[in-house]
Amino acid sequence: MALVAGVDSSTQSTKVVVCDAETGQVVREGRAPHPDGSEVHPDKWWRAFEEATADGLLDGVMSIGVGGQQHGMVALDERDEVVRPALLWNDTRSAGAAEDLTRELGGPGEWAKAVGSVPVASFTVTKLRWLAEHEPDLAARVATVLLPHDWLTWKLTGELVTDRGDASGTGYYSATQGVYREDILTKAFGRVPRLPRVLAPDEPAGRTPGGMLVSAGTGDNMAAALGLRLDDGDVAVSIGTSGTVFGVAGEITPDDTGAVAGFADATGRFLPLVCTLNAARVLTATARMLGVELSELDDLALSVEDAGGLEFVPYLDGERTPNLPDATGSLLNMRRDNMTAANVARAAVEGMLGGLGVGLAALRTAGLAAQRVLLIGGGARSAAVRAVAPEVFGLPVDVPEPAEYVAVGAARQATWALTGQYPAW
């Protein structure tokens with residue numbers, strides 16, 4: 001049996017699956033945690049990868065691919081040493097830089113035409129502007145800029161490479177033209193650092209010192225689309241640390257409002273996507289406030305037909321869509337008769353899903369066909385979420401069997417690089 005592996009290096013952990021290259025069946029798994037927070041030294045990811053693959057997990061593996069959290073800024077100096085801890089997608093300190101850059105390029109419409117997306121604090125390009133303005137001494141040392149998955153691929157192979165899917169989330173790569181926008185980089189950072197070479201979807205990145213083939217890798221949302229094998233009419237709603245709503249399209253759909261990011265996918269097509277900062281952690285925060293376990297929160301939310309008029313605005317960590325990085329959450333329409341634990345639990349579920357429902361509406365407005373929703377991520381395990389989602393989305397909702405879809409997608413890409421054929425798992 002030929003074996004391949006896929007890595008999901010997410011915000012919270014590293015997960016690795018080993019699959020049968022012919023069938024896609026997962027035969028082994030490993031995982032290790034990451035530190036919490038919105039910035040982390042990349043060495044922590046490598047240590048987590050080593051821990052997750054300890055005890056021979058990769059024995060016999062012929063090819064491996066890495067799916068990584070998007071947007072994070074990994075800055076290296078001329079000796080390839082890390083200049084500062086990586087700023088992650090959920091770090092909002094560059095919100096002001098995003099506003100400045102949007103204005104300097106001529107507004108949201110110009111950005112959408114240039115790179116498919118309007119910059120927000122999550123994007124790498126805004127983090128580079130923040131670094132140049134707030135830490136100029138460190139910025140002066142930067143020789144190379146990578147994304148998290150690029151850095152892990154470099155650690156595995158010694159090659160500075162990326163793919164068009166993850167590159168399309170930087171804010172300085174045009175997926176339609178297939179080029180880095182060096183003019184945008186210069187505007188943001190004052191100069192153009194060394195950037196990873198962009199590989200084709202099926203192109204290998206190189207080999208590990210032990211001879212294992214390494215695929216191009218991609219961003220986590222692109223890898224999830226590979227893992228789910230999204231097709232026309234499918235919309236994935238992933239409820240994890242962040243919430244994402246995305247589908248596949250043959251052509252890019254620039255959105256002047258900035259709600260829809262016009263990313264590339266990992267097959268040569270595009271992956272229009274809406275992201276919210278507040279997803280599963282809305283439920284954990286509400287459970288903590290009510291002093292219950294998540295399973296009890298489910299029971300409470302399902303014990304009532306609605307929230308009794310309560311409305312939960314779930315911007316507990318600011319928000320990305322809509323672009324309100326300094327926003328806070330609110331519980332509205334409170335009365336003595338509706339202030340019950342069950343109503344609050346229901347309102348939290350409805351509020352969290354409501355933000356994703358707005359994202360789905362934005363995708364449809366941008367032209368994406370939507371016939372069914374595939375509900376994935378940790379939040380999909382919630383019985384209350386599964387029950388309320390069809391009401392909010394107005395579409396049939398399927399819940400695929402729980403799996404590490406980002407890691408499985410990375411393994412699918414690893415098989416593609418190994419065999420030259422897109423696997424029909």
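This is a predicted model: local features need pLDDT of at least 70, side-chain atom pairs count only at pLDDT 80 or more; totals for chains, interfaces and linings use all residues.
1. Residues are numbered from 1 along each chain as its sequence is written, and side-chain values use heavy atoms, with hydrogens and water left out.

2. Start with the largest pocket, which holds about 1100 Å³ of space. A pocket here is an open set of points on a 1 Å grid over the protein atoms alone, where a 1.4 Å probe fits, with protein on both sides within 12 Å along at least five of seven lines; lining residues have an atom within 4 Å of a point. The volume is the space filled by probe spheres set on the points, which are joined across faces, edges and corners.

3. Which residues are closest to the centre of that pocket? Look for Ser-238, Gly-240, Thr-241, Gly-377 and Gly-378, out of 47 lining residues. Among the elements that each supply at least two lining residues are β2 (13-20), α9 (220-228), β22 (372-376) and α14 (405-419). Helices (H or I, at least four residues) and strands (E, at least two) are DSSP runs, numbered from the N terminus.

4. By class, the lining has 18 nonpolar, 19 polar and 10 charged residues. Ala, Val, Leu, Ile, Met, Phe, Trp, Tyr, Cys and Pro count as nonpolar, Asp, Glu, Lys and Arg as charged, and the others, Gly among them, as polar.

5. Now the salt bridges, meaning a side-chain nitrogen of Lys or Arg within 4 Å of a carboxyl oxygen of Asp or Glu. The count comes to 21. In one of them, Arg-84 meets Glu-39 at 4.0 Å, N to O. Arg-84 sits in the loop between β6 (74-76) and β7 (86-87) and Glu-39 in strand β4 (residues 39-40), so the pair ties together parts 45 residues apart in sequence.

6. Is Arg-84 buried or exposed? It counts as buried, at 7% relative accessibility, while Glu-39 is partly exposed at 30%. (Buried means under 20% relative accessible area, exposed over 50%, partly exposed in between, with a 1.4 Å probe and protein chains only.)

7. Another pair to look at is Asp-234 with Arg-372, a salt bridge of 2.7 Å, N to O. This one links distant parts of the chain, strand β16 (residues 234-239) and strand β22, with the two residues 138 apart. Asp-234 is buried at 8%, whereas Arg-372 is partly exposed at 31%. Elsewhere, salt bridges that share partners join Glu-39, Arg-84, Asp-91, Arg-93 and Glu-135 into one network.
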